[in-house]
Amino acid sequence: MNRAIEKIIMDEKVIQNQVRELGERISSDYEGETPVLVCILKGAFIFLSDLVRNMSIPVELDFMMVSSYGDEATSSGIVQIKKDIDTDITGRHVIIVEDIVDTGLTLDYLYRYFANHNPASVKVCAFLDKPEAHQVDLKIDYLGFEIGNEFVVGYGLDYAQKYRNLPYIGILKREIYE
Ligand code: PRP
């Protein structure tokens, strides 16, 4: 285990099982359709790549980069679009793919942003959710796991751009970010 990690809360096996189930559920719900999966960079890149490999329907992929955290451990609540999607989503089924929902401000913004472009539908698929931290009402259509208010890294999630490559979700030691 990485020395900066206090505890592993989801190991590779647990993660892969859950992602497989999500992929199967989405494939069955969108049978006959070709949804556009929008990966919210950077954090969701690993989740997206595992998710699509567990889907049996055709999909299109696009990538959006937004930032609300900077290098801080807490959310600033300010959403900035750093890279927009290229796909014309008019009349398309859009699935927003996120690694984590914390305050929910990013997702709330993104949902409204996509909904304004006349898609056929917009749904949300998030790997982790911290319900205690929400500052807005949200609907997560496809969720991997709920977690408490601890600071987690790995499986795409960073602290100051590090630890994204850990194959598990771990709680970061307080001394690393305090
Ligand atoms: C994280 C995460 C979400 C957002 C969630 O991104 O990927 O996009 O924060 O926080 P919220 O619910 O409080 O809005 P971050 O800005 O850290 O960028 P990253 O994905 O590049 O790490």
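An open sheet of 3 strands with antiparallel pairing has the order 1-9-8. Strand 1 (5–10) and strand 8 (152–153) stand at its edges, each with a single partner strand, so one side of each is left without a neighbour in the sheet. Helices (H or I, at least four residues) and strands (E, at least two) are DSSP runs numbered from the N terminus, and two strands pair if DSSP finds at least two bridges between them. The structure is a predicted model, in which local features need pLDDT of at least 70 and side-chain atom pairs count only at pLDDT 80 or more, whereas totals for chains, interfaces and linings use all residues. Residues are numbered from 1 along each chain as its sequence is written, and side-chain values use heavy atoms, with hydrogens and water left out.

Strand 1 is joined to strand 9 (residues 169–172) by 4 bridges, and the two run antiparallel. Within this pairing, I5 has L172 of strand 9 as its bridge partner. Parallel pairing is found at strand 5 (93–101), which is joined by 8 bridges to strand 6 (residues 121–129). In that pair, E98 stands opposite A126 of strand 6. Strand 5 also pairs in the parallel sense with strand 2 (residues 36–41), over 4 bridges; here I96 of strand 5 is the bridge partner of V38. Strands of a sheet pair through backbone hydrogen bonds, either parallel or antiparallel. Buried denotes under 20% relative accessible area, exposed over 50%, and partly exposed the range in between (1.4 Å probe, protein chains only).

The ligand is surrounded by 18 residues, of which E98, D99, T103, G104 and T106 are the closest; a residue is counted as near if one of its heavy atoms lies within 4 Å. By class, this shell has 5 nonpolar, 7 polar and 6 charged residues. Ala, Val, Leu, Ile, Met, Phe, Trp, Tyr, Cys and Pro count as nonpolar, Asp, Glu, Lys and Arg as charged, and the others, Gly among them, as polar. An N or O atom in the side chain of E98 is 2.6 Å from an oxygen atom of the ligand. A polar backbone atom of G104 is 2.7 Å from a ligand oxygen atom, and a polar side-chain atom of R164 lies 3.0 Å from an oxygen atom of the ligand. Taken alone, the ligand exposes 490 Å², and the protein buries 94% of that area. Accessible areas come from the Shrake-Rupley method with a 1.4 Å probe; for residues, only the protein chains shown count as cover.

T106 is placed in helix 3 and is buried, with a relative accessible area of 14%. Not counting residues up to four places away in sequence, T106 touches V66, S68, V79 and E98, where contact means heavy atoms within 4.5 Å.

R164 is found in the loop between strand 8 and strand 9. Its relative accessible area is 13%, and R164 is therefore buried. The side chain of R164 makes a polar contact with the side chain of Q161 at 2.7 Å. A polar contact is a pair of N or O atoms within 3.5 Å; within protein, one must be able to donate a hydrogen and the other to accept it, and residues adjacent in sequence count only if both atoms are side-chain atoms. Beyond four places in sequence, R164 touches residues including K42, G43, F45 and I46.

Backbone geometry was also examined. Most residues other than glycine have a negative phi, and most peptide bonds are trans. A cis peptide bond joins L41 and K42, with omega about 0 degrees; K42 lies in the loop between strand 2 and helix 2 (45–52). Y163 has a positive phi, near 75 degrees. Like R164, Y163 lies in the loop between strand 8 and strand 9, and Y163 counts as buried at 16% relative accessibility. N118 likewise has a positive phi, near 50 degrees. N118 is located in the loop between helix 3 and strand 6 and is exposed, with a relative accessible area of 55%.
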